[in-house]
Amino acid sequence: GWSRFFAMEKEDCAAETDQLLASNASVQHDIPQNEMRSRVPQGRKVAENILNALADAEGITKIPGIRPNTNQGAAEWNRVEEYWHTKYVRSRKEQVKSKVEAVCWLIAGFAVLNATDFLRVILTDDRVNRFFLNLGLLCCVTVLAVMIYLIFWLAVVHDVQWEAAYNSKDPANSHNKPVRKAIGLAAICVVTSSISFPIALWPVWSWGTIPILFVLSMMCLMMLHFVPSIA
């Protein structure tokens, strides 16, 4: 608990102080003992100031803080403990909820693929506008290539955080411009494909094209929930 932490910190500071004083005999003769001890940095005091600052900032951060001398089992202690427990439980619930939603979209996507015989239609149906279909597929391949570049080539191979590189204001950052260009290209491809696919498939499903493509797009996005985190 916090009380045990402060007790251990106090013992460590006292031992560090005695060691510093013992290693400098000239200081011992010139300065009184109490004054010498007050000049040694006190880690416990720093920790107390940090905790007090966090507690004082609760009105701004909305995160309850705990005072240094609060004992375990006190009302303030229980309030902080309850806050972090509730936050952890809520976080776990949100993670489970997002996974369930992703699974539902995957099931819906596979159902649409099966009900519309989507793959056979885009491969063999003469009603499909091949120019716009190929343009949309080219855009999808480009977006996939950008994702591989950002997630694998930069993050894994070169250990570069592309998010930080994109937001960097440092002119010496050599990855800023390539990352911005790659993301800009991906954005253009997403917009182009969102126009090309409906035009290509409209002769087949008419107004049904839009909900079909929407469900399939959501299915593709939800697949990212099951990609292992690089971190």
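Mentor: Let us begin with cysteine 139, which is buried at a relative accessible area of 6%, where buried means under 20%, exposed means over 50% and partly exposed lies in between (1.4 Å probe, protein chains only). Please keep in mind that this is a predicted model, in which local features need pLDDT of at least 70 and side-chain atom pairs count only at pLDDT 80 or more, while totals for chains, interfaces and linings use all residues. Residues are numbered from 1 along each chain as its sequence is written, and side-chain values use heavy atoms, with hydrogens and water left out.

Trainee: Okay, and which cysteine sulfur is closest to that of cysteine 139?

Mentor: The closest one belongs to cysteine 189, and at 4.5 Å it is too far away for a bond, because a disulfide is a pair of cysteine sulfur atoms within 2.5 Å. Cysteine 189 is buried as well, with a relative accessible area of 7%.

Trainee: Let's zoom out. How many helices and strands does the protein chain have?

Mentor: The protein chain has eleven helices and zero strands, these being DSSP runs numbered from the N terminus (helices H or I with at least four residues, strands E with at least two). Of its 231 residues, 26% are buried.

Trainee: And what share of the contacts joins residues 24 or more positions apart?

Mentor: Among contacts with a separation of 6 or more, such pairs account for 56%, a contact being heavy atoms within 4.5 Å.

Trainee: Can we look at one helix closely? What do the buried residues of H11 pack against?

Mentor: They pack against helix H6 (75-116), helix H7 (118-124) and helix H10 (176-205). The buried residues of H11 are Thr209, Ile212, Leu213, Val215, Leu216, Met218, Met219 and Met222. Threonine 209, for instance, has a relative accessibility of 0%, and, leaving aside its neighbours within four places in sequence, threonine 209 is in contact with Phe197, Pro198, Leu201 and Trp202.

Trainee: Where does phenylalanine 214 lie, then?

Mentor: Phenylalanine 214 is also found in helix H11, but it counts as partly exposed, at 47% relative accessibility. Phenylalanine 214 and glycine 109 are 105 residues apart in sequence, while their C-alpha atoms are 9.3 Å apart in space.

Trainee: New topic: how many salt bridges does the structure hold?

Mentor: The structure holds three salt bridges, each defined as a side-chain nitrogen of Lys or Arg within 4 Å of a carboxyl oxygen of Asp or Glu. One of them joins arginine 79 to glutamate 76, with the closest N and O atoms 2.6 Å apart. These two residues are three apart in helix H6, which means that about one helical turn separates them.

Trainee: Which residues make up the other pairs?

Mentor: Arginine 120 pairs with aspartate 117, where the closest N and O atoms are 2.5 Å apart, and arginine 127 pairs with aspartate 125 at 2.8 Å, N to O. In that last pair, arginine 127 is partly exposed at 46%, whereas aspartate 125 is buried at 11%.

Trainee: What about phi, say for aspartate 159?

Mentor: Aspartate 159 has a positive phi of about 55° although it is not a glycine. Aspartate 159 sits in the loop between H8 and helix H9 (162-167) and is exposed, at 61% relative accessibility. Serine 206, in the loop between H10 and H11, likewise has a positive phi, near 55°, and serine 206 is partly exposed at 31%.

Trainee: Last one: where in the chain is phenylalanine 152, and is it buried or partly exposed?

Mentor: Phenylalanine 152 is in helix H8 (residues 130-157), and it is partly exposed, with a relative accessible area of 47%.
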